Amino acid sequence: MTKTAQSVWDNCLVFIKDNIQDQAYKTWFEPIRAVELTDSALYIQVPSKFFYEWLEEHYVKLLKVALTKELGTSAKLLYKIKMENTYGNKQPFTEQLPSAHRSPVKPQEVDVPLQNKNPELKNPFIIPGIRNLKIESQLNANYSFDNFFEGDSNRLARSAGLAVANKPGGTSFNPLLIFGGVGLGKTHLAHAIGIEIKDKYPEKTVLYISAEIFTQQYIDSVKRNTRNDFIHFYQLIDVLIIDDVQFLSGKTGTQDVFFHIFNHLHQNGKQVILTSDKAPVDMQDIEQRLLSRFKWGLSAELHQPDYETRISILNNILYRDGVEMPDEIVEYVAKNIKSNVRELEGAIISLIAQSSFNKREVTLELAKMVVEKFVKNVKREISIDYIQKVVSDYFQLDVDTLQSKTRKRHVVQARQLAMFFAKKFTKASLANIGSQIGDRDHATVLHACKTVDNLVTTDKQFRKFVDDINKKLSI
């Protein structure tokens with residue numbers, strides 16, 4: 001007998017009815033209609049977006065089990081949401097959304113020995129009191145490996161992430177440091193590793209936290225005189241994920257406490273995962289003993305996504321949001337936005353919003369308008385390294401010569417211009433600028449900036465240098 005959408009759904013309903021209360025079944029499953037069956041995908045129609053969200057939050061596992069029994073492990077569930085009659089159309093507007101097949105990440109429970117402050121000698125054969133803690137993993141269930149697309153730009157980092165997820169603490173990738181520029185998917189990959197570990201090893205305690213929040217927690221613990229409790233808590237974690245670890249720069253106390261936590265976790269076979277916008281060798285104001293530990297495992301870089309990866313990312317966003325768009329428009333967006341994944345997502349979401357809110361058809365002209373505005377409004381982040389390269393190229397020097405101790409006039413001027421533009425275009429401190437440009441101190445940077453200001457008003461040729469480099473950095 002050939003399977004139909006209705007027959008598959010009827011069999012699913014029999015299984016679902018046996019596993020939930022009657023009232024819940026009548027409320028959430030009787031109103032659903034099966035509408036289409038293609039290969040291993042079943043399309044069901046639900047009355048509203050709220051209905052879809054409720055099913056995804058509370059019954060996604062039950063739906064997945066029921067559908068897998070009927071259609072096999074590759075089964076997919078897609079929702080068609082019938083919207084009210086908009087814009088005077090004869091046909092109701094239908095929104096199509098795929099099931100995430102993923103329920104929210106559950107809190108974890110850890111048994112913590114109670115601290116007994118009574119100084120009396122205790123019988124060593126009495127088991128000490130145990131207090132049960134619930135720890136939220138802080139993981140975002142939407143940031144999974146399923147929607148982290150592999151390409152040449154991220155293959156090493158993604159493969160290493162999967163290896164760690166399959167055997168946390170048991171590979172040579174400990175710590176795993178994922179680094180790269182803004183919006184390339186560092187945070188997404190870190191969450192994906194944590195989620196995969198929770199799926200494979202539910203008993204392991206996984207915690208994701210940003211370096212900024214970690215620092216704030218440490219400061220609070222010092223104020224409250226609970227520093228030992230702070231350290232003890234983090235030593236309980238099986239998989240610790242710290243995002244944007246470069247924010248520990250210059251924070252000596254936080255670096256010190258993290259050093260002790262890191263050592264404890266590493267020595268006890270626990271996994272540490274770090275993300276950073278810089279490679280360890282480029283990190284400033286981080287203690288050498290910490291940097292050496294960051295290099296113990298694997299440092300994997302994320303690069304800008306290539307064209308094929310950008311196409312895959314855009315098609316996934318469209319599939320996720322139930323939107324169909326001509327290939328030429330997807331290709332146009334992918335060709336014109338190359339810098340990072342976040343900007344790519346922003347552009348396609350802007351295009352979808354422009355189309356739906358203004359009731360306009362998605363055309364190549366609309367895509368050009370959105371992309372042009374979007375690209376113009378995105379301010380490129382200029383780094384001190386980039387400024388040194390631009391200045392060195394302009395004076396036909398290499399960066400090593402620019403940073404050297406030589407006092408040759410043209411090299412000194414180039415170095416002073418690099419410092420001047422670093423102060424102008426970045427938020428780095430004078431000390432940080434000096435340390436990155438030839439390991440100078442903040443007084444040298446201050447002197448360089450004053451010298452450039454003076455020469456601009458007195459030396460016509462020097463003013464041309466400043467104008468030319470300014471144009472190159474402002475493009």
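Contact is defined here as heavy atoms within 4.5 Å. Among contacts in the protein chain between residues at least 6 apart in sequence, 70% join residues at least 24 apart. The model is predicted: local features need pLDDT of at least 70, side-chain atom pairs count only at pLDDT 80 or more, and totals for chains, interfaces and linings use all residues. Residues are numbered from 1 along each chain as its sequence is written, and side-chain values use heavy atoms, with hydrogens and water left out.

The secondary structure of the protein chain comprises 20 helices and 11 strands. These elements are DSSP runs numbered from the N terminus (helices, H or I, at least four residues; strands, E, at least two). Of the 475 residues, 43% count as buried. Buried means under 20% relative accessible area, exposed over 50%, and partly exposed in between (1.4 Å probe, protein chains only).

Strand 1 (residues 33–38) pairs with strand 2 in the antiparallel sense, over five bridges. Pairing requires at least two DSSP bridges between two strands. The two strands form a hairpin with two residues between them. In the turn, Asp39 has a positive phi of about 50°. Thr38 stands opposite Ala41 of strand 2. Strand 2 (residues 41–46) is mostly covered, with five of its six residues buried. Ser40 lies 6.5 Å from Ser74, C-alpha to C-alpha, although 34 residues separate them in sequence. Ser74 belongs to the loop between helix 4 (60–71) and strand 3 (76–82). Its relative accessible area is 47%, so Ser74 is partly exposed.

The largest nonpolar core has 29 residues. Such a core is a set of buried Ala, Val, Leu, Ile, Met, Phe, Trp, Tyr and Cys residues joined through side-chain atoms within 4.5 Å. Trp9, Ile16, Phe29, Leu42, Leu55, Tyr59 and Leu63 touch the most other members. At least two residues each come from helix 1 (5–19), helix 2 (22–28), strand 2, helix 3 (49–58), helix 4 and strand 3. Helix 1 supplies the largest share, six residues. Tyr59 touches Ile20, Ala24, Trp28, Phe29 and Trp54, not counting residues up to four places away in sequence. A second, separate core of 28 residues includes Phe230, Val245, Leu265 and Leu291.

Five strands form an open sheet with parallel pairing, in the order 8-9-10-7-11. Strand 8 (206–210) and strand 11 (298–302) are the edge strands, each pairing on one side only. The twist averages 15° from one strand to the next. Strand 9 (residues 239–243) and strand 10 (residues 271–276) run parallel and are joined by four bridges. Ile242 stands opposite Leu274 in strand 10. Helix 6 (residues 186–200) packs on the sheet, touching strand 7 (176–180), strand 8, strand 9, strand 10 and strand 11. The direction of helix 6 makes about 150° with that of strand 7. Helix 7 also packs on the sheet, touching strand 8 and strand 9. Its direction makes about 90° with that of strand 8.

Helix 7 (residues 211–223) also meets helix 9 (residues 252–267); their axes come within 10 Å and cross at roughly 100°. Helix 7 is therefore roughly perpendicular to helix 9. Axes are lines fitted to C-alpha atoms, for helices over the stretch in contact, and angles run from 0 to 180 degrees between N-to-C directions. Angles under 35 degrees count as roughly parallel, over 145 as roughly antiparallel, 65 to 115 as roughly perpendicular and the rest as oblique. Phe214, Thr215 and Tyr218 of helix 7 meet Gly253, Thr254, Val257, Phe258 and Ile261 of helix 9. By class, this contact has five nonpolar, three polar and no charged residues. Ala, Val, Leu, Ile, Met, Phe, Trp, Tyr, Cys and Pro count as nonpolar, Asp, Glu, Lys and Arg as charged, and the others, Gly among them, as polar.
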